[in-house]
Amino acid sequence: MSGGAAGGGLGAGFSYQKFVHVALEQTRLRTALATHPSQEKFKFIKTNEDNSVFNALSFSAPKIRLLRSLTIEQKNSVQVLDFAAFSEPEYDLPIFCANAFTSPSRSIVVLDLNPLFDTSEHKDYREKYFMNLMPLIDKYSELLPWGGKITSESLRFFSPVVIWTILEPTEANHQILYSAFMDYFKVWLELMDEAVQETSREKIDRNREAQHKYLTWRAEKDPGYPLLKKLIGECAAKDLVREFLFEGVSSLGTKSFLEYFPEYAQEDGTVNKKRSMAGKSFEARPWDAHGQFIGGDAGVW
Ligand code: BLA
């Protein structure tokens, strides 16, 4: 494998399949995965381009409502990973989120335990899940540096340990990404193991609504959508997003996108198609070493 120069070896040696394979192996060491109903429907996705291969897997397990993975591989060009895990609403576990879009020129990466509740506002939630995880950021902040300005709205779905980075697609960077992915996923599995079932109806409802809000956001505004549309067509892309990637968006709650995100409302009552109303901001990592948000209110709310 050549690595090094942008594009060299990409596609041949760079695959996200191994990430998925090892993550599922690790999950099976701890729990019993059952095939999720969405798996059957999305096992074979027909693409408009012969050189693209989609691989979609989905499972559930005790405590885990949905663990699903999508990889897209285009020979010698684009490689995509979208891997996420959502707990049952009886748990307030963060959402495991690993997204990577690799083209011959760069890899765009988000790796995080997306909090169910905003960690600036909900200090108890931040302390419960993220205070002990700050060493993860110490470990990776140099190797996987902050990717620069980002869609401001995304920040409210990120945790203080988020890895947001843009990398040269080299073999060395791919290995670092693999290591970070496994570290983060093992942390999520540990949190899942330790999670204690909530019994208060009110708290369960709150967890469910937070997850629904997240799903509603991503089903409407995910940056991967235009590429999906190009590869499989608008209808199939919509279906994939709502019934597979963000399954639950139609069943976990009844609120609409505009009820959660009214700033996107247009005069005629439709949703503004713009990805962002607030624009891009946060040139540098907006959390300090203690996980405290230091980004001000630069257009997030
Ligand atoms: C770009 N993807 C991006 C960017 C982010 C993410 C932050 C940079 C542009 C921006 O600032 O918005 C990812 N954003 C996320 C994630 C969350 C979020 C994970 O808010 C979670 C809350 N990316 C994918 C998949 C594809 C993909 C599956 O995860 C394709 C199928 C493509 N992402 C993709 C492409 C770009 C991108 C093509 C560059 C184009 C663009 O910036 O819109």
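A polar contact is a pair of N or O atoms within 3.5 Å; within protein, one must be able to donate a hydrogen and the other to accept it, and residues adjacent in sequence count only if both atoms are side-chain atoms. The model is predicted, so local features need pLDDT of at least 70 and side-chain atom pairs pLDDT 80 or more, while totals for chains, interfaces and linings use all residues. Residues are numbered from 1 along each chain as its sequence is written, and side-chain values use heavy atoms, without hydrogens and water.

**Exercise 1.** Determine where R68 lies and whether R68 is buried or exposed.

*Solution.* 
Step 1. R68 counts as buried because its relative accessibility is 0%; buried means under 20% relative accessible area, exposed over 50%, partly exposed in between (1.4 Å probe, protein chains only).

**Exercise 2.** Identify the side chain with which the side chain of R68 makes a polar contact, and state which residues F83 touches.

*Solution.* 
Step 1. The side chains of R68 and D82 make a polar contact at 2.8 Å.
Step 2. Contact means heavy atoms within 4.5 Å. Not counting residues up to four places away in sequence, R68 touches D82 and F83, among others.
Step 3. With neighbours within four places in sequence left aside, F83 is in contact with V20, A23, L67, R68, S69, F96, C97, A98, F181 and F185.

**Exercise 3.** Describe the lining of the largest pocket by class.

*Solution.* 
The lining has 25 nonpolar, five polar and eight charged residues. Here Ala, Val, Leu, Ile, Met, Phe, Trp, Tyr, Cys and Pro count as nonpolar, Asp, Glu, Lys and Arg as charged, and the others, Gly among them, as polar.
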